[in-house]
Amino acid sequence: MMLPNNIKLKAVLFDMDGVLFDSMPYHAAAWHKIMQKYGYDLSKEEAYMHEGRTGSGTINLICQRQYGRDASKEEIENIYQDKSREFNNYPEPAPMKGAWELLQKVKAAGLVPMVVTGSGQLSLIDRLEHYFPKTFKKELMVTAYDVKHGKPHPEPYLMALEKGGFKRDEVIIIENAPLGVQAGVAAEIFTIAVNTGPLPDHALLDEGANLLYPSMQALSDNWDELIGIKK
Ligand code: CA
């Protein structure tokens with residue numbers, strides 16, 4: 001597979017959880033446990049479907065479903081704080097296999113790697129520098145603190161274009177979650193899905209992913225061909 005000719009690639013926008021870090025199993029477990037503590041039903045499996053939403057977005061959605069109202073500001077703060085604490089009790093998430101290798105190829109090709117995440121977890125954001133040193137510029141990062149609307153709204157990816165000074169046809173997106181793919185497609189940016197979790201491929205393809213790879217390693221292995229580097 002090769003990127004379409006109309007793409008003049010300058011930057012690669014990476015989602016973080018489930019793309020750069022193998023952190024989703026812990027997020028799903030933490031969401032399930034803490035929501036249960038507050039009387040809400042959210043299975044681990046469903047947590048994967050909501051992946052990419054902001055914390056408050058997820059909490060409100062479940063609260064609406066169960067009680068037909070938005071969660072209070074206080075409730076959202078308490079739940080998200082507890083969830084973050086629970087997440088931090090788990091072992092440190094490992095970098096996703098193949099991610100560092102791919103980032104080296106991205107940098108070697110003269111492309112700018114950027115992180116676009118719905119996460120507001122400072123611990124994990126700090127870990128980016130530890131595991132992927134000198135790769136991501138902090139001023140180019142888009143996190144939960146930068147946007148009003150989380151994924152699946154296109155704002156995070158549009159914000160990345162603005163921060164980097166890039167046009168739509170100068171970037172591609174790497175995403176692992178259905179809502180992340182939805183955000184990329186809504187931003188009208190070429191979106192590559194990597195299926196690193198338990199959901200079926202169609203959960204990502206149905207949202208309009210332009211390409212799908214079974215893992216970050218597979219994407220890395222196919223990278224040169226994808227961007228048209230002749231062997
Ligand atoms: Ca993700």
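Modeller: Ala, Val, Leu, Ile, Met, Phe, Trp, Tyr, Cys and Pro count as nonpolar, Asp, Glu, Lys and Arg as charged, and the others, Gly among them, as polar. This is a predicted model, where local features need pLDDT of at least 70 and side-chain atom pairs count only at pLDDT 80 or more, while totals for chains, interfaces and linings use all residues. Residues are numbered from 1 along each chain as its sequence is written, and side-chain values use heavy atoms, leaving out hydrogens and water.

Colleague: Thanks! How far apart are the C-alpha centres of domain 1 and domain 2?

Modeller: The protein is divided into domain 1 (11–23 + 94–226) and domain 2 (24–88), with bounds from an automatic or database domain assignment. Across the boundary, 21 residues of domain 1 are in contact (heavy atoms within 4.5 Å) with 16 residues of domain 2. The distance between their C-alpha centres is 23 Å.

Colleague: Which helix gives the largest share of the lining of the largest pocket?

Modeller: By class, the lining of the largest pocket has six nonpolar residues, ten polar and one charged. Helices are DSSP runs of H or I of at least four residues, strands are E runs of at least two, and both are numbered from the N terminus. Helix H3 (55–67), helix H4 (73–89) and helix H6 (122–131) each supply at least two lining residues. The largest share, five residues, comes from H4.

Colleague: How many cavities of 30 Å³ or more does a search of the whole structure find?

Modeller: A cavity is a set of points where a 1.4 Å probe fits but cannot get out, and its volume is the space filled by probe spheres set on the points, joined across faces, edges and corners. The number of cavities found in the whole structure at 30 Å³ or more is two.

Colleague: How many charged residues does the lining of the largest cavity have?

Modeller: The largest cavity is lined by 20 residues, with Asp17, Trp31, Glu51, Gly52 and Arg53 closest to its centre. Helix H1 (24–37), H3 and H4 are the elements giving two or more residues to this lining, and H1 has the largest share, three residues. Besides four nonpolar and ten polar residues, the number of charged residues in the lining is six.

Colleague: Is Glu86 buried or exposed?

Modeller: Glu86 is found in helix H4, and beyond residues up to four places away in sequence it touches Ala30, Lys33 and Ile34. The C-alpha atoms of Glu86 and Lys33 are 8.4 Å apart, although 53 residues separate them along the chain. Buried means under 20% relative accessible area, exposed over 50% and partly exposed in between, using a 1.4 Å probe and protein chains only. With a relative accessibility of 11%, Glu86 counts as buried.

Colleague: Which strands and helices are among what covers the buried residues of H5?

Modeller: Helix H5 (residues 99–108) has Ala99, Leu102, Leu103 and Val106 buried. Seen down the axis of H5, these fall within an arc of 100 degrees, so they line one face of the helix; the arc is that of the directions from the axis to the C-beta atoms. What covers them includes strand S1 (11–14), strand S2 (112–115), helix H10 (216–221) and helix H11 (223–226).

Colleague: What is the phi of Lys134 near?

Modeller: Most residues other than glycine have a negative phi. Lys134 sits in the loop between H6 and helix H7 (155–164) and is exposed, with a relative accessible area of 76%. Its phi is positive, near 55 degrees.

Colleague: And what is the omega of the cis peptide bond from Lys151 to Pro152 near?

Modeller: Most peptide bonds are trans. Pro152 is in the loop between H6 and H7. The bond from Lys151 to Pro152 is cis, with omega near 15 degrees.

Definitions and conventions. On a 1 Å grid over the protein atoms alone, a cavity is a set of points where a 1.4 Å probe fits but cannot get out, and a pocket is an open set with protein on both sides within 12 Å along at least five of seven lines; lining residues have an atom within 4 Å of a point.
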